[in-house]
Amino acid sequence: MAANSHSLLLVLTFLVAVSTLYGVSTALGGHKAKASDVGFKPLDPKDPKVVEVAEYTINEHNKEVKSNLKFDHVLKADFQVAKETTYSLIIVASDGSTLSNYEAVVLLNGDSKKLVAFKKQKIYFE
């Protein structure tokens, strides 16, 4: 399951990058897009819009897998705009006794939101 989520995240990132390159190229009057014109940009994790998207993410995940995670805070937030806005988030949430980090990708199109990836971050010790 984790491998499928990771693969989905990689494919989604690739598709978003390709569509962004196309959109930026068109927006620049057909000029070739530079690498600095595309990619995810950081957001303030405490921004009310970011918190709203993160809370939506936890609620949607809870509905999908019938879990009971409780949102705590956003650790990191990035976004990218193409035809729709993609949020890449690291969310801290509690399962009742333990705080854990979760990676999520959410697509926004107007008022519509869609959770496309959600997984618990693995902790690596060196």
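A salt bridge is counted here when a side-chain nitrogen of Lys or Arg lies within 4 Å of a carboxyl oxygen of Asp or Glu. By that criterion, the side chains of K113 and E52 meet in a salt bridge, at 3.1 Å from N to O. K113 lies in strand 5 and E52 in helix 2, so the pair ties together parts that are 61 residues apart in sequence. Helices (H or I, at least four residues) and strands (E, at least two) are DSSP runs numbered from the N terminus.

The model is a predicted one, in which local features need pLDDT of at least 70 and side-chain atom pairs count only at pLDDT 80 or more, while totals for chains, interfaces and linings use all residues. Residues are numbered from 1 along each chain as its sequence is written, and side-chain values use heavy atoms, with hydrogens and water left out.

Five strands form an open sheet in the order 1-2-3-4-5, with antiparallel pairing; two strands pair if DSSP finds at least two bridges between them. Strand 1 (41–43) and strand 5 (112–120) stand at the edges with a single partner strand each, so one side of each is left without a neighbour in the sheet. From one strand to the next, the twist averages 25 degrees; axes are lines fitted to C-alpha atoms, for helices over the stretch in contact, and angles run from 0 to 180 degrees between N-to-C directions.

Helix 2 (residues 48–65) packs on this sheet, touching strand 1, strand 2 (70–81), strand 3 (85–94), strand 4 and strand 5, where contact means heavy atoms within 4.5 Å. The direction of helix 2 makes about 70 degrees with that of strand 5.

Within the sheet, strand 2 and strand 3 pair in the antiparallel sense over 10 bridges, and they form a hairpin with three residues between them. In this pairing, A77 has L89 of strand 3 as its bridge partner. Another 10 bridges join strand 3 to strand 4, with T85 opposite L108 in strand 4. The hairpin of strand 3 and strand 4 has four residues between the strands, and G96 in the turn has a positive phi of about 115 degrees. Strand 4 (residues 99–109) pairs in turn with strand 5 over eight bridges, and L108 stands opposite K113 there. Strand 3 is mostly covered, as eight of its 10 residues are buried; buried means under 20% relative accessible area, exposed over 50% and partly exposed in between (1.4 Å probe, protein chains only).

What does H61 touch, leaving aside residues up to four places away in sequence? This residue of helix 2 touches K66, S67, L69, L115 and F118. H61 is buried, with a relative accessible area of 13%.

The charged pairs complete the picture. Side chains of opposite charge can pair when their charged atoms come close. A search of the whole structure finds four salt bridges. One of them links K49 with E52, the closest N and O atoms being 3.8 Å apart; these two are three residues apart in helix 2 and therefore separated by about one helical turn. K49 is partly exposed at 33% relative accessibility, E52 at 36% and K113 at 26%. In helix 2, E60 and K63 are also three residues apart, and their side chains meet at 3.6 Å, N to O; K63 is exposed, with a relative accessible area of 58%. Salt bridges that share partners join K49, E52 and K113 into one network.
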